[in-house]
Amino acid sequence: MSSGEQAPNVAALIGDLDRLAGAFADEIGALATEQEIRLAQARYLGKKGRVSELMKALGRLPPEERPAVGEAANRAKASIEGAVATRLAALDEADLAADLARVVDVTLPARGAALGTLHPLTLVRREIEGIFLGLGFEVRTGPWVETEWNNFDALNTPPDHPARDMQDTFFVEGGRILRSHTSPVQIRTMLSEPPPIRIVAPGNVFRRDDDATHTPMFPQMEGLLVDKGVSFADLKGTLLYFVHRFFGPNLGVRLRPSYFPFTEPSAEVDAACYLCAGSGLSAGRSCRLCKGSGWIEIGGAGMVHPNVFRAVGYDPQAVSGFAFGMGLSRMAMLKFEVDDLRSFYEHDVRFLAQFR
Ligand code: PHE
């Protein structure tokens, strides 16, 4: 190529430019990907490409000769760009043809849709509701934000009772509280319906507690039966039936004396451990579920206190009743052998997908 002071030969320059376009067309015919084609394009038309190299000579030409060379350069550029476009279009078409030619086996089974699952707490709530529905109970619910009267006073819980302490109860605006148990649903139901009453009341309750075995919100299931001549034996029979249906047949129930302001007498309810059938031993070792005691605690219960009946306008001489309450997360932990309460609230699908 010409260099130095000497003016380049115009005809040779134009010839070189025209040949470049031809060389490019030959080159890209063999290229099979867009990337290769773009790289080749840059080798010709890029800042340091072959066309630019030739154009460096332009400055040394006499002005009257420059237009002819410029025209040749534009021609080469247009030809190269045209070749790129044609080649890319051909590649696209080949891709499409290959796609269309592919054999699709339409008889293969489709991939199944990933189905969601019900939350273990929902499963347990529904199962327990089902057991009591079968006994003629109905489901009632109440609000989370409650009056102190429904949550405490009407339940024979005097103002100085420790459960009313700021430590345990969440107070909200307007003198209301977040209910600390589902027992206010007993009050709401009896205030709006005459006896006989046979209800279960599932729902979330709130306490100022937060550690490995307590969450500030947790679900409970309340039960209330009021009628003429209801006895403690009816309570025990009902709990026994529930345990047989929920945990397994032939498991015993144990009632330990306890205290709740709204029941008298009151009891803590234990079910015989279903894992070791109450023996305290499983596979020759201390049972991991009941820790060897043979019993698992499932809730509190008792006979409705006469003052509760008085608060809702029922005659304690005319009717009697029993009530019980259990923690649904505890029931789910026992049933599914989950050992960390918090897994119910972490929304980890790997955990949740196990419950079908
Ligand atoms: N409300 C009691 C609690 O939350 C449980 C209970 C309900 C006890 C009904 C007796 C009768 O601990």
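Strand 10 is largely enclosed by the rest of the structure, because 8 of its 10 residues are buried (under 20% relative accessible area, 1.4 Å probe, protein chains only). Strands here are DSSP runs (E, at least two residues), numbered from the N terminus. This is a predicted model, in which local features need pLDDT of at least 70 and side-chain atom pairs count only at pLDDT 80 or more, while totals for chains, interfaces and linings use all residues. Residues are numbered from 1 along each chain as its sequence is written, and side-chain values use heavy atoms, with hydrogens and water left out.

Strand 7 (residues 263–272) runs antiparallel to strand 10 and is joined to it by 8 bridges; two strands pair if DSSP finds at least two bridges between them. Within this pairing, Ala301 of strand 10 stands opposite Ala267. Strand 11 also pairs with strand 10 in the antiparallel sense, over 4 bridges, and Gly325 in strand 11 is the bridge partner of Gly300.

## Ligand shell

The ligand is surrounded by 14 residues, the closest being His181, Ser183, Arg207, Gln220 and Glu222 (a heavy atom within 4 Å). The shell divides into 5 nonpolar, 7 polar and 2 charged residues.

## Polar contacts and burial

Polar contacts are pairs of N or O atoms within 3.5 Å. A ligand nitrogen atom is 3.0 Å from a side-chain N or O atom of His181. A polar side-chain atom of Ser183 lies 3.0 Å from a ligand nitrogen atom, and a ligand oxygen atom is 2.9 Å from a side-chain N or O atom of Arg207. The protein buries 90% of the 320 Å² that the ligand exposes when taken alone (Shrake-Rupley method, 1.4 Å probe).

Terms used:
Polar contact = N/O pair within 3.5 Å; in protein donor to acceptor, adjacent residues only side chain to side chain. Nonpolar A, V, L, I, M, F, W, Y, C, P; charged D, E, K, R; others polar. Buried < 20%, exposed > 50% of the residue type's maximum accessible area, 1.4 Å probe, protein only.
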